[in-house]
Amino acid sequence: MATISFDLVSPENLIFNDEVGMIIVPGKDGDFGVLPGHSKVMSSLRPGRVMVYGEDKNLLKAFFVSGGFAEVNPEKCIVLAESVNEINTIEKQSIEKEIEELSGQETDVAKDQLAIAKAKIEALDSSFYEKI
């Protein structure tokens, strides 16, 4: 079976770099799957999960990105993320506490942080794409 090269990059460093079977990316207008041979696409990202699968379609890694861009061509997918957390390192209780603290604040920065925190909770609670 074919593979596609996948790079996940944060502002600080390269988070993930490997040949994979498929990637699901949280595009601005909805999730999209990337397989080897995918047509060229450039998309902004919304806060959500990046799911990385092996050639056998088993889930290898899941990450939460707060936003960014994805560039896809037939051989490679690059996700340039504003921030990245591995899903299994996110603590739900600390995110819920952050939501409590941000609720009621009226600044644009607080509203953006609140939207990202809520998206993290949604990502933690979601079982979409666990199995393909």
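Predicted model: local features only at pLDDT ≥ 70, side-chain atom pairs only at ≥ 80, totals over all residues.
View 1. Residues are numbered from 1 along each chain as its sequence is written, and side-chain values use heavy atoms, with hydrogens and water left out. Lysine 57 sits in the loop between β6 and β7; strands here are DSSP runs of E with at least two residues, helices are runs of H or I with at least four, and both are numbered from the N terminus. Check the backbone here: phi is positive, about 70°, even though lysine 57 is not a glycine.

**View 2. Aspartate 31 paired with arginine 46.** These two make a salt bridge, with the closest N and O atoms 2.8 Å apart. The pair links distant parts of the chain, 15 residues apart: aspartate 31 comes from strand β4 (residues 30–34), and arginine 46 from the loop between β5 (41–45) and β6 (48–53). To count as a salt bridge, a side-chain nitrogen of Lys or Arg has to be within 4 Å of a carboxyl oxygen of Asp or Glu. The structure holds 5 of these bridges. Aspartate 31 is partly exposed at 34% relative accessibility, and arginine 46 is partly exposed at 28%. As background, side chains of opposite charge can pair when their charged atoms come close.

**View 3. Lysine 61 meets glutamate 86.** Here is another salt bridge, at 3.2 Å from N to O. Lysine 61 is in strand β7 (residues 59–65) and glutamate 86 in strand β10 (residues 84–86), so the bridge ties together parts that are 25 residues apart in sequence. Lysine 61 is partly exposed, with 29% relative accessibility, and glutamate 86 is partly exposed as well, with 26%.

**View 4. Lysine 111 and glutamate 106.** The closest N and O atoms in this salt bridge are 3.9 Å apart. Lysine 111 is partly exposed at 43% relative accessibility, whereas glutamate 106 counts as exposed at 58%.

**View 5. A nonpolar patch on the surface.** Met42, Phe69 and Leu80 make up this patch, and together they have about 340 Å² of accessible area. Accessible areas come from the Shrake-Rupley method with a 1.4 Å probe, and for residues only the protein chains shown count as cover. Patch members must have over 30% relative accessible area and no salt bridge; nonpolar side chains (Val, Leu, Ile, Met, Phe, Trp, Tyr) are joined within 5 Å, like charges within 9 Å. Methionine 42 belongs to strand β5 and is exposed, at 61% relative accessibility.

**View 6. Aspartate 7 and lysine 76.** Aspartate 7 is in strand β1 (residues 4–9) and counts as buried, at 12% relative accessibility. Not counting residues up to four places away in sequence, aspartate 7 touches Leu14, Phe16, Asn17, Lys76, Cys77, Ile78 and Val79; contact means heavy atoms within 4.5 Å. Over in strand β9 (residues 76–81), lysine 76 is partly exposed at 24%. With its neighbours within four places left aside, lysine 76 is in contact with Ile4, Ser5, Asp7 and Glu71. Lysine 76 and valine 34 are 42 residues apart in sequence and 9.3 Å apart in space, C-alpha to C-alpha.

**View 7. Valine 50, buried in strand β6.** The relative accessible area of valine 50 is 0%. Leaving aside neighbours within four places in sequence, its contacts are Phe6, Ile23, Ile24, Pro26, Lys61, Ala62, Phe63 and Val65.

**View 8. The largest pocket.** The volume of this pocket is about 240 Å³. A pocket, on a 1 Å grid over the protein atoms alone, is an open set of points with protein on both sides within 12 Å along at least five of seven lines, and lining residues have an atom within 4 Å of a point. Grid points are joined across faces, edges and corners, and the volume is the space filled by probe spheres set on the points. There are 14 lining residues, with Arg46, Gly48, Arg49, Glu122 and Ala123 nearest the centre. Both β6 and α2 (108–125) supply at least two lining residues each, and the largest share, 4 residues, comes from α2.

Technical notes: Buried < 20%, exposed > 50% of the residue type's maximum accessible area, 1.4 Å probe, protein only. 1 Å grid on protein atoms, 1.4 Å probe; cavity = no way out; pocket = protein on both sides within 12 Å on 5 of 7 lines; lining within 4 Å.
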